[in-house]
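Keep the structure in view as you read.

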Amino acid sequence: MASLLAYCKLTELADDPEVQALIPGMYAAAVGYLEDAGVSPPEEATPRAARYDLAVNYLVLDAWDHRDMVVPAAQTDNPAFQRLVNQLKRTEGVAPIG
């Protein structure tokens, strides 16, 4: 949770009731989104785990930033995030090296 809050630049707001109420649900939704996309949680302390955590953090930050449901008219998908999800899918079920 500490690294997620740091990624979202919410460390100083960790005790804020809004952060405490919303971030856990946003985290669960992000994990569910990746599972529905065909990406299962990886083994801890692997390069794939770092990519997975980055993808989850991205989804939580996006949900936090857009929690008021206002979306810019010119918004497009983030290609870096899509590449990250694609890489996670390609490594699904692959044993870690080492």
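Residues are sorted by class: Ala, Val, Leu, Ile, Met, Phe, Trp, Tyr, Cys and Pro count as nonpolar, Asp, Glu, Lys and Arg as charged, and the others, Gly among them, as polar. By that sorting, the lining of the second largest pocket has four nonpolar, four polar and two charged residues.

This is a predicted model, in which local features need pLDDT of at least 70, side-chain atom pairs count only at pLDDT 80 or more, and totals for chains, interfaces and linings use all residues. Residues are numbered from 1 along each chain as its sequence is written, and side-chain values use heavy atoms, leaving out hydrogens and water.

## Helix α2 against helix α3

Two packed helices are described by the angle between their axes and the distance between the axes. Helix α2 covers residues 17-36 and helix α3 residues 47-65; their axes come within 9 Å and cross at roughly 130 degrees. That angle makes α2 oblique to α3 (under 35 degrees is roughly parallel, over 145 roughly antiparallel, 65 to 115 roughly perpendicular, and the rest oblique).

In the contact (heavy atoms within 4.5 Å), α2 brings residues including Leu22, Ile23 and Met26, while α3 brings residues including Val56, Leu59 and Trp64. By class, this contact of α2 with α3 has 16 nonpolar, no polar and one charged residues.

## Helix α3 against helix α4

Helices α3 and α4 pack at about 140 degrees, with their axes 10 Å apart. That makes α3 oblique to α4. Among the residues in contact are Arg48, Arg51 and Tyr58 of α3, and Phe81, Leu84 and Gln87 of α4. They divide into eight nonpolar, one polar and two charged.

Definitions and conventions
Axes fitted to C-alpha atoms, helices over the stretch in contact; angles between N-to-C directions. Helix = DSSP H or I, 4+ residues; strand = E, 2+ residues; numbered from the N terminus.
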